[in-house]
Amino acid sequence: MRRDGLHISGAADALSAVPRHLAFVGMGGNLGDVRARLARAQEDLAALPGTRLVGVSSLYETAPVDASGPDYLNAVAVLASALGPQELLAALLALEIVHDRERPYHHAPRTLDLDLLWFGGATRQSATLSLPHPRMMGRAFVLEPLAEVLARLGDDWPCADCPPAAVGLPPEAERAALRAAQRIRRL
């Protein structure tokens, strides 16, 4: 059990031999000290069993999309993880709770939001998990930090069987229109 109460069953040593899958996690929030929470969330992601934090985008500020409240700060984290998609999602939801996330109503303002955006090119549709994330291609606060980390990875792409093109970002003109409509800016 870690100091923050998050526990994932199974020994971390047992995960050392398991292959890692590349995952992109959208991070955001608009309540409280969001910068500090996002920094702490990065540490927490890196501490997940069998998981390595490969990189994190810059912070982006954006107006709420389909939500209310103050502007959001957002980023995208890149993980190489031995956890499966359901286990990783469960860990993300547990981290949200550790960071005082409440869900009083749909799209409520939040202290921390962690979304599993993409996982090793997998396509899944269940009651609890949709991969890739069903709304990521219409949200500048996901696409811009995602494009940034994909470009930054360049030749250091940690997954030989799933190249950056596998993520399938929309064309630049479409992303530019989303940036303008959603008032996003890189910090």
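Student: Where does His99 sit?

Tutor: His99 lies in the loop between α3 (85-98) and β5 (113-119). Helices here are DSSP runs of H or I with at least four residues, strands are E runs of at least two, and both are numbered from the N terminus. This is a predicted model, where local features need pLDDT of at least 70, side-chain atom pairs count only at pLDDT 80 or more, and totals for chains, interfaces and linings use all residues. Residues are numbered from 1 along each chain as its sequence is written, and side-chain values use heavy atoms, with hydrogens and water left out.

Student: Is His99 buried or exposed?

Tutor: His99 counts as buried because its relative accessibility is 5%. Buried means under 20% relative accessible area, exposed means over 50%, and partly exposed is in between (1.4 Å probe, protein chains only).

Student: Which residues does His99 touch?

Tutor: Leaving out residues up to four places away in sequence, His99 touches Arg37, Arg40, Ala41, Asp44, Thr111 and Leu112. A contact means heavy atoms within 4.5 Å.

Student: Let's look at α2, then. How far does this helix reach?

Tutor: Helix α2 covers residues 34-46, and its 13 residues reach 18 Å from first C-alpha to last, close to the 18 Å expected at 1.5 Å a residue. That expected span is 1.5 Å times one less than the number of residues.

Student: Which of its residues are buried?

Tutor: In α2 the buried ones are Val34, Leu38, Ala41, Asp44 and Leu45. Down the axis of α2, these buried residues fall within an arc of 115 degrees, so they line one face of the helix. The arc is taken from the directions from the helix axis to the C-beta atoms. Their cover includes β1 (21-29), β2 (51-56), β4 (72-81) and α3.

Student: What about Glu43? How exposed is Glu43?

Tutor: Glu43 is also in helix α2, and at 48% relative accessibility Glu43 counts as partly exposed. Its C-alpha is separated by 8.5 Å from that of Leu53, 10 residues apart along the chain.

Student: Switching to the core: how many residues has the largest nonpolar core?

Tutor: The largest nonpolar core has 26 residues, and those with the most contacts inside it are Met27, Leu45, Leu88 and Leu116. Such a core is a set of buried Ala, Val, Leu, Ile, Met, Phe, Trp, Tyr and Cys residues joined through side-chain atoms within 4.5 Å. The elements giving two or more residues to this core are β1, α2, β4, α3 and β5, and the largest share, 5 residues, comes from α3.

Student: And what is Leu45 in contact with?

Tutor: Setting aside neighbours within four places in sequence, Leu45 is in contact with Met27, Thr51, Ala77, Leu79, Leu92 and Leu95. There is also a second, separate core of 20 residues, which includes Leu22, Tyr60, Phe141 and Val167.

Student: Back to Met27. What is its bridge partner in β5?

Tutor: In β5, Met27 has Leu114 as its bridge partner. Strands β1 and β5 pair in the antiparallel sense over 6 bridges, where pairing needs at least two DSSP bridges between two strands. β5 is mostly covered, with 6 of its 7 residues buried.

Student: Which residues of α3 are buried?

Tutor: For α3, they are Pro85, Leu88, Leu89, Ala91, Leu92, Leu95 and Glu96. Seen down the axis of α3, they fall within an arc of 160 degrees, so they line one face of the helix.

Student: Why is α4 largely enclosed?

Tutor: Because 12 of the 14 residues of α4 are buried, α4 is largely enclosed by the rest of the structure. Among the buried residues of α4 are Phe141, Glu144, Pro145 and Glu148.

Student: Now the backbone. Where is there a cis peptide bond?

Tutor: A cis peptide bond joins Leu131 and Pro132, with omega about -15 degrees. Pro132 sits in the loop between β7 (130-131) and α4. Most residues other than glycine have a negative phi, and most peptide bonds are trans.

Student: Which phi does Arg183 have?

Tutor: Phi of Arg183 is near 50 degrees, a positive value in a residue other than glycine. Arg183 is in the loop between α5 (172-181) and β8 (185-186), and at 55% relative accessibility Arg183 counts as exposed.
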